Amino acid sequence: MIVITTPTGAIGHQVLNHLLKAEVPVRVVVRDPARLAADVRERVEVIQGSTNDVEVVNKAFAGAHVIFWIVPPDEDTDDLEGHYYTFNQIAASAIKAQHVQRIVWVSTLGSDMSKTSGHLSAALAADKPLEETGVAARIVCPATFMDNLMWQSHP
Ligand SMILES: NC(=O)c1ccc[n+]([C@@H]2O[C@H](COP(=O)([O-])OP(=O)(O)OC[C@H]3O[C@@H](n4cnc5c(N)ncnc54)[C@H](OP(=O)(O)O)[C@@H]3O)[C@@H](O)[C@H]2O)c1
């Protein structure tokens, strides 16, 4: 079982589609299942809730082989570091509690940047609780995605 977080997001929905094409069992964590396409919803196990909810995350991670983890953005927060850290700390505790063996998480490029680099430094600082679990990990460190330019090119 592979767990996908943010399955309705720019990154998560693409990962989900690839996995469904590969016909592997998938569980998604989603706040509103109605936001998944009907044909997707019937092919996945759905855990409804927010990924900053300890109970939801533990339920989602239980018995999973691999987790695909993304901290959702919050453009309105005035505490970016706290935002990223809270999500990753919850994931880290669930990794330990549920004996998760493997995780892929989206971090960011920018480890050579100053500590005041907004989302970049906040996301990088929040890698720590996940790294400290010792779980086998693939850490995706994108600078930005082509999609960010593509949606801006269509007014
Ligand atoms: N895009 C980039 O270029 C880029 C580059 C580097 C790193 N990143 C990282 O990638 C992440 C953003 O990914 P994205 O661009 O795919 O996001 P996105 O397209 O903005 O989608 C946000 C996703 O998060 C979900 N979400 C929001 N709040 C949630 C919550 N409390 N609990 C569970 N799910 C929640 C949304 O679901 P709903 O359907 O419920 O709204 C949606 O699926 C950020 O951590 C960012 O730092 C992005």
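This report describes the fold, the sheet, the ligand surroundings and selected loop residues of a predicted model.

## Overall architecture

The protein chain contains seven helices and six strands. In sequence order these elements follow the pattern β-α-β-α-β-α-β-α-β-α-α-β-α. The radius of gyration of the protein chain is 15 Å, close to the 15 Å given by the globule rule for 155 residues, so the chain is as compact as a globular protein of that length.

Along its principal axes, the C-alpha trace of the protein chain spans about 45 × 45 × 25 Å. Of the 155 residues, 30% are buried.

## The parallel sheet

Strands of a sheet pair through backbone hydrogen bonds, in either a parallel or an antiparallel sense. In this model the six strands form an open sheet with parallel pairing, and their order is β3-β2-β1-β4-β5-β6. From one strand to the next, the twist averages 15°.

Several of the pairings can be described residue by residue. Strand β1 (residues 2-5) pairs in the parallel sense with strand β2 (residues 26-30) over four bridges, and within this pairing V26 of β2 is the bridge partner of I2. Strand β1 also runs parallel to strand β4 (residues 66-69), to which three bridges join it; here I2 stands opposite V66. Strand β4 is in turn joined by four bridges to strand β5 (residues 102-106), again in parallel, with I67 standing opposite I103 of β5.

## Surroundings of the ligand

The ligand is surrounded by 24 residues. The closest of these are T8, G9, A10, I11 and P72. By class, the shell comprises 10 nonpolar, 11 polar and three charged residues.

G49 lies in the loop between β3 and α3 (54-61). With 15 other C-beta atoms within 10 Å, G49 is partly exposed, because this count falls between the limit of 12 or fewer for exposed residues and that of 20 or more for buried ones. Beyond residues up to four places away in sequence, G49 touches V29, R31 and V56. The C-alpha atoms of G49 and A60 are 9.7 Å apart in space, and the two residues are 11 residues apart in sequence.

T108 is located in the loop between β5 and α5 (119-125). T108 is buried, since 21 other C-beta atoms lie within 10 Å and the threshold for burial is 20 or more. Leaving aside neighbours within four places in sequence, T108 is in contact with L120, A123, L124, C141 and P142. T108 and T6 are 102 residues apart in sequence, and their C-alpha atoms are 17 Å apart in space.

## Residues with positive phi

Most residues other than glycine have a negative phi. E23, a residue other than glycine, has a positive phi near 60°. E23 lies in the loop between α1 (12-21) and β2. With 8 other C-beta atoms within 10 Å, E23 is exposed.

H99 likewise is not a glycine, and its phi is positive at about 55°. Its place is in the loop between α4 (80-97) and β5. H99 is exposed, with 11 other C-beta atoms within 10 Å; the count is within the limit of 12 or fewer that defines exposure.

Notes. Residues are numbered from 1 along each chain as its sequence is written. This is a predicted model: local features need pLDDT of at least 70, side-chain atom pairs count only at pLDDT 80 or more; totals for chains, interfaces and linings use all residues. Two strands pair if DSSP finds at least two bridges between them. Helices (H or I, at least four residues) and strands (E, at least two) are DSSP runs, numbered from the N terminus. Axes are lines fitted to C-alpha atoms, for helices over the stretch in contact, and angles run from 0 to 180 degrees between N-to-C directions. A residue is near a molecule or strand if its C-beta atom, placed from the backbone, lies within 6 Å of it. Ala, Val, Leu, Ile, Met, Phe, Trp, Tyr, Cys and Pro count as nonpolar, Asp, Glu, Lys and Arg as charged, and the others, Gly among them, as polar. Two residues are in contact if their C-beta atoms, placed from the backbone, lie within 7 Å. The radius of gyration is taken over C-alpha atoms; the globule rule is 2.2 Å times the number of residues to the power 0.38.
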